[in-house]
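Subject: Structure for your files

Hello,

Here is the structure I said I would pass on. My notes on it follow below.

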Amino acid sequence: MIEAVGLTKRYGAKTAVYNLSFQVKPGMVTGFLGPNGSGKSTTMRMILGLDTPTEGHVTIGGHPYRRLPNAPRQVGALLDAKAVHGGRSAYSHLLSLAQLSGIPARRVDEVLGVVGLQDVAKKRSKGFSLGMGQRLGIAAALLGDPQVLLFDEPVNGLDPEGILWIRNLMKRLASEGRTVFVSSHLMSEMALTADHLIVIGRGQLLADMSVKDFIAHNSADFARVRTPDGETGPRDRLSAALTEAGGHVQPEPDGALRVSGLPLPRISDLAHEADVRLWELSPHSASLEEAYMRMTQGAVDYRSTEDMRAGLRTQAPVGYAQPGAQHPGAWPPPQGAAAPVGYAPPVPTQGQAPGQPNPYAVPPQQAWQPPQASQSQHQPQSQHQPPQAPASGAAPEGAAPAEPTERDSEDAR
């Protein structure tokens, strides 16, 4: 069993965990939930003796981790799947851990088979995918056949088969009487795996209860009611009858009604009394995700906002065309379209018959003109002003302009 009492951890002026007390009991999978920055990883590091608490203490089986005799044989953990030397093979990595803990070498082959890496046991870990790295980290946690296991985001990078495998593995380990403590942000997976939940926010305990109780305490069940589409009269009569009976009615975007505060049989009776046909009458129970979001909405430190630039289209400078793009600055322009102003046409290709008109030619008044010295570099010349005579040293008419500088590119944007 893991027990934390008054656990507090400060890093200078920042308090990562404050007065946290809980128990992780054997025989069940205990989920450890909380928003980013809530102190989950710090708490797990203190359990494993990697960080020293500022106040309070945490024990495993009644002893601090550092005082456990041959701790790797009693506690297995996966906190960082990348904590592996990339030049070592999966087998060599596990073998070195086994030799340090006095674990027989045959156990290495056993755990490689458990996690499904026996075919790549001799390959260097630096070539492993994220999911393969997770499996190797889980193998290291299982190496000593421990009674206490800690997993931080164990399904990260796993494919659907791997997620199902780790879910069943954790349930089986708990059924054997082991203590399984797992942190994850995947609410749907926690709903299928965990029996008990410990939820923290901003380093403080928010909930310590079973999954079923957690959902019941942090959500409200409701019934979804639908009347025949296009008939507003029956829906209004039913809504009035339900409200008069003490129910809370909310319309949904698709025309259905969300009713809370009344059981389904009572809703059915009221609809019958109001002479209203029902196309749907179904119960809805909140998910773990909905309950979690409701509880932790006030403890979230990092919130995203809408991008005010969303929907803006980045336009290329006039006279520049991205491959395959069709915009006002594309060259050559579509048939019948006017050439872009300020762009010098390319030189005719080789093989053009003498005297044949240049298909890319544009009127001289639309040819490239150099900027005037008196003009601000940040205020390009209006297209409605008459063309100015080329300054000394300017490119002759019909010649391609020099490559634009970085400053010119900024002005064009």
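The axes of helix α8 (residues 232–244) and helix α9 (residues 264–273) come within 9 Å and cross at roughly 130°. Axes are lines fitted to C-alpha atoms, for helices over the stretch in contact, and angles run from 0 to 180 degrees between N-to-C directions. The two helices α8 and α9 are therefore oblique to each other (angles under 35 degrees count as roughly parallel, over 145 as roughly antiparallel, 65 to 115 as roughly perpendicular and the rest as oblique). Their crossing is right-handed; a crossing is left-handed if the near helix is turned anticlockwise from the far one by less than a right angle, and right-handed if clockwise. From α8, L238, A241 and L242 make the contact, and from α9, I267, L270 and A271, where contact means heavy atoms within 4.5 Å. By class, the contact of α8 with α9 has six nonpolar residues, no polar and no charged ones. Ala, Val, Leu, Ile, Met, Phe, Trp, Tyr, Cys and Pro count as nonpolar, Asp, Glu, Lys and Arg as charged, and the others, Gly among them, as polar.

Some notes on provenance. This is a predicted model, in which local features need pLDDT of at least 70 and side-chain atom pairs count only at pLDDT 80 or more, while totals for chains, interfaces and linings use all residues. Residues are numbered from 1 along each chain as its sequence is written, and side-chain values use heavy atoms, with hydrogens and water left out.

The crossing of α2 and α4 is right-handed. On the α2 side the contact is made by A90, H93, L94 and L97, and on the α4 side by L136, A139 and A140. The residues of this contact divide into six nonpolar, one polar and no charged.

For the chain as a whole, there are eleven helices and 13 strands. Helices (H or I, at least four residues) and strands (E, at least two) are DSSP runs, numbered from the N terminus. Of the 413 residues, 37% count as buried (buried means under 20% relative accessible area, exposed over 50%, partly exposed in between, with a 1.4 Å probe and protein chains only). Among contacts with a separation of 6 or more, 65% are between residues 24 or more positions apart.

Next, the open sheet. Three strands form it in the order β2-β1-β4, with antiparallel pairing; two strands pair if DSSP finds at least two bridges between them. The edge strands, β2 (14–24) and β4 (55–60), each pair on one side only. From one strand to the next, the twist averages 20°. Strand β1 (residues 2–11) pairs with β2 in the antiparallel sense over seven bridges. The bridge partner of A4 in β2 is F22.

Helix α1 (residues 40–47) is mostly covered, with six of its eight residues buried: K40, T42, T43, M44, M46 and I47. After α1 comes G49, whose phi is positive, near 75°.

Finally, N156 lies in the loop between β6 (148–152) and α5 (160–175). N156 is partly exposed, with a relative accessible area of 41%. Not counting residues up to four places away in sequence, N156 touches L130 and Q134. N156 and G131 are 25 residues apart in sequence and 7.0 Å apart in space, C-alpha to C-alpha.

Regards
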